[in-house]
Amino acid sequence: MRVCLASTSPARLMLLRQVGIEPTTRAPQVDEEAVIAATEAAEGRTLPPDEHVLLLARRKAADVADTLAAEGFEGIVIGGDSMFELDGEILGKPYTPEAARARWHSMRGRTGMLHSGHSVFLVRAGASPIEAHAVAEASVSFAADVTDGEIDAYVATGEPLLVAGAFTVDSLGGAFIERVEGDPSTVVGMSLSTLRRLVRELGVEWTSLWNIPGTTTP
C-alpha cells in the first residue's frame with residue numbers, strides 16, 4: 001500500500017520511518033492563516049485548539065489527496081497539524097530567538113497541552129477519496145529548574161524557532177521535559193496509535209503500510 005505524507009515536516013517523516021513506513025512527501029498548497037480566518041469569520045467565533053488543528057489537518061490531506069488522485073495515485077494520504085496550549089493561550093512557532101526565549105521563561109515549571117489533528121484519506125482509482133480523522137492530545141510538563149543559561153543555549157541552536165510551542169521532545173529539548181501524559185508520539189508530530197486506528201477505519205491494515213524487506217502482510 002502506497003503512503004504519501006501531506007507534509008514536509010522532518011519530525012513526522014521520521015516517525016513514520018521509525019515504524020516501518022517509507023512515504024513519499026508532498027507539500028500541501030494551503031494558506032493556513034487564510035483558512036482559519038475565513039472559517040472563524042463565517043462562524044462568528046474563535047476556533048478552539050482541537051477544531052483548529054483538525055480543520056488544517058483535513059484541508060492539507062484533502063489538497064494532496066485531490067492532486068494525487070488526478071495523477072493516478074492509489075493509497076493512503078496522511079495530513080496533520082499541531083499546536084501547543086498553555087493556560088488557554090495558543091503558542092505556535094516562535095520564529096525569532098527573542099520570542100523563543102520569552103516562551104521558555106514562561107513555560108518552565110508548568111504544564112501545557114499539545115493538540116494534534118490527524119486526517120487520513122484513502123485514494124482509489126475510479127472513486128472519490130474517503131476520509132477518517134481525529135484529534136489526539138498529550139500534556140507536557142517542563143522542568144522547573146531549567147536555567148537561563150540552558151534556555152539561551154537551547155535557543156541558540158535554532159531548534160525551537162520553527163516548532164509548535166518552541167520545544168521538541170525527541171531531540172535537544174527532550175532533557176528539559178519532565179513528563180508527557182498521553183501518546184508521546186503526539187508531541188513529536190503525530191499520534192501513531194491514532195493513525196493506526198484511522199487507517200483501519202478506512203478498511204486498511206496498518207501492517208500493509210510497512211516497507212520492511214523480507215516481510216509480507218497476510
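A residue counts as buried when its relative accessible area is under 20%, as exposed when that value is over 50%, and as partly exposed in between, using a 1.4 Å probe and protein chains only. M107 is a clear case to start from: it is buried, with a relative accessible area of 0%. The model looked at here is predicted, so to speak for local features a pLDDT of at least 70 is needed, side-chain atom pairs count only at pLDDT 80 or more, and totals for chains, interfaces and linings use all residues. Residues are numbered from 1 along each chain as its sequence is written, and side-chain values use heavy atoms, with hydrogens and water left out.

M107 sits in helix α4; helices here are DSSP runs of H or I with at least four residues, strands are runs of E with at least two, and both are numbered from the N terminus. Setting aside neighbours within four places in sequence, M107 is in contact (heavy atoms within 4.5 Å) with F84, L86, L91, F142, G165 and F167. The C-alpha atoms of M107 and A144 are 8.7 Å apart, although 37 residues separate the two along the chain.

Stepping back to the whole protein chain, there are 7 helices and 7 strands. Along the sequence they come in the pattern β-α-β-α-α-β-β-α-β-β-α-β-α-α. The radius of gyration, taken over C-alpha atoms, is 18 Å, close to the 17 Å that the globule rule (2.2 Å times the number of residues to the power 0.38) gives for 218 residues, so the chain is as compact as a globular protein of that length. Its C-alpha atoms fill a box of roughly 55 × 50 × 25 Å along the principal axes. Buried residues make up 44% of the 218. As for contacts with a separation of 6 or more, 70% come from residues 24 or more positions apart.

Strand β1 has two partners, β3 and β2; strands pair if DSSP finds at least two bridges between them. With β3, β1 runs parallel and is joined by 4 bridges, and L5 has I78 as its bridge partner there. With β2 (residues 24–25), the pairing is again parallel, over 2 bridges, and here the bridge partner of L5 is T25.

Next comes the inside. A nonpolar core is a set of buried Ala, Val, Leu, Ile, Met, Phe, Trp, Tyr and Cys residues joined through side-chain atoms within 4.5 Å. The largest one has 22 residues, and L16, I76, I78, V120, M190, L195 and L209 touch the most other members. At least two residues each come from β1 (2–5), α1 (10–18), β3 (75–86), β5 (111–123), β6 (130–142) and α7 (192–201). Helix α7 gives the most, with 4 residues. A second, separate core holds 21 residues, including L86, V140, L161 and V187.

Helix α5 (residues 148–156) has I151, Y154 and V155 buried. Seen down the helix axis, these fall within an arc of 95° (from the directions of the axis to the C-beta atoms), so they line one face of α5. Their cover includes α4 (97–107). Just after α5, G158 takes a positive phi of about 85°.
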